[in-house]
Amino acid sequence: MALFHKVLLGTYILRKCSKPTSALHPFLGIRFADYSSSLQKPVASPGKASSQRKTEGGLQGHHQKEVALDITSPEEKPDVSFDKAIRDEAMDHFRRLKDEIVNHWKGPEGRPLQEALLEQAKVVWQFRGKEDLDKWRVTSDKTIGGRSEVFLKMGKNNQSALLYGTLSSEAPQDGESARSGYCAMISRIPRGAFERKLSYDWSQFNTLYLRVRGDGRPWMVNIKEDTDFLQRTNQMYSYFMFTRGGPYWQEVKIPFSKFFFSNRGRIRDVQHELLLDKISSIGFTLADKVDGPFFLEIDFIGVFTDPAHTEEFAYENSPELNPRLFK
């Protein structure tokens, strides 16, 4: 009987131990239950699950949109080709070269030769829009440290060019320049196909013709010949232009025979006649040493033939000054 009683007691204890730990000890059971529940995946309610899926879907879609903005699709990539750009540029220059050859065979500037020879007057530059201003550039003594300012814009009703600014003769404090005070407006050298330099042929005309309106200041009109020699880059032919001032326009006529030769701003003793078939640019310079504002309004610049002017060259030469002319 004692043995049978021990067997029953062991079976009872074994059954008690096989139950959850919480039954053996309430405190330890609760702790182990919380730990095991933290390791399991939480199960959300149906409402919360649907809202969570919507939130994740929205975040994923927003992320995809950001990626789509950052990465350009192959269809939307710009068509940029270096070879194509070079090919198009070369074709454009060849097209311009063809037009120049055809115009040369037709006559000067593509006109019949008879019409060009009978021409008595010609407008070379006029100012009726921004594209006309692009053919010019302005400069001043600011390039050497001076304080003069010059600007160029279209005049009233886009019928003229207005050159204005402030002249200052104060020398720059660089220890090298002793004088200063100039402003200038210079025409750009015309370019042909493949950026070749072109020139103007005024050999059938004898007078420069301008329609201007100024403030009474004297200007210097400068003409440069087309040359490829570096030692001749500072050589030019100049003559004075005196403006009357006031609201009225004035017509200025300067014979080409009056232009004198200068180099680096100095008039040379040996004078040469201006070659009118190789004109590269024309310019206007103000350097009268009078500080203050200025303006010059230009309607057009042209050339014409004055039958009353028969002078070939206005300046004398002697064998001592220019022996080559007397050989």
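**Entry one.** I started with Ile-298, which is found in strand 13. Strands here are DSSP runs of E with at least two residues, helices are runs of H or I with at least four, and both are numbered from the N terminus. Before going on, I noted that this is a predicted model, where local features need pLDDT of at least 70, side-chain atom pairs count only at pLDDT 80 or more, and totals for chains, interfaces and linings use all residues. Residues are numbered from 1 along each chain as its sequence is written, and side-chain values use heavy atoms, with hydrogens and water left out.

Is Ile-298 buried or exposed? Ile-298 is buried, its relative accessible area being 1%. (Buried means under 20% relative accessible area, exposed over 50%, partly exposed in between, with a 1.4 Å probe and protein chains only.) Then I checked contacts, meaning heavy atoms within 4.5 Å. Setting aside neighbours within four places in sequence, Ile-298 is in contact with Phe-127, Ser-160, Ala-161, Met-185, Arg-211, Val-212, Trp-249 and Phe-284.

**Entry two.** Next I went to His-93 in helix 5 (residues 82–106). His-93 counts as buried at 8% relative accessibility. Not counting residues up to four places away in sequence, His-93 touches Ala-193, Phe-194 and Glu-195.

Now the rings. How many aromatic pairs does a search of the whole structure find? I got 20. Rings of Phe, Tyr and Trp (its six-membered ring) pair if their centres lie within 6.5 Å; planes under 30 degrees apart count as stacked, over 60 as edge-to-face and the rest as tilted. One of the pairs is Trp-202 with Phe-256, stacked at 5.9 Å centre to centre and 25° between the planes. Trp-202 lies in the loop between strand 5 (183–187) and strand 6 (207–214), and Phe-256 in the loop between strand 9 (250–255) and strand 10 (260–263), so the pair ties together parts 54 residues apart in sequence. Trp-202 is buried at 0% relative accessible area, and Phe-256 counts as buried at 5%.

The charged end of Lys-253 sits over the ring of Tyr-209, 5.5 Å from its centre.

Last, I looked up Pro-307, in the segment after strand 13 (292–304). Pro-307 counts as exposed, at 73% relative accessibility. C-alpha to C-alpha, Pro-307 and Thr-207 are 10.0 Å apart in space, and 100 residues apart in sequence.

Terms used
A charge sits over a ring if NZ of Lys or CZ of Arg is within 6 Å of the ring centre and within 35 degrees of the ring normal.
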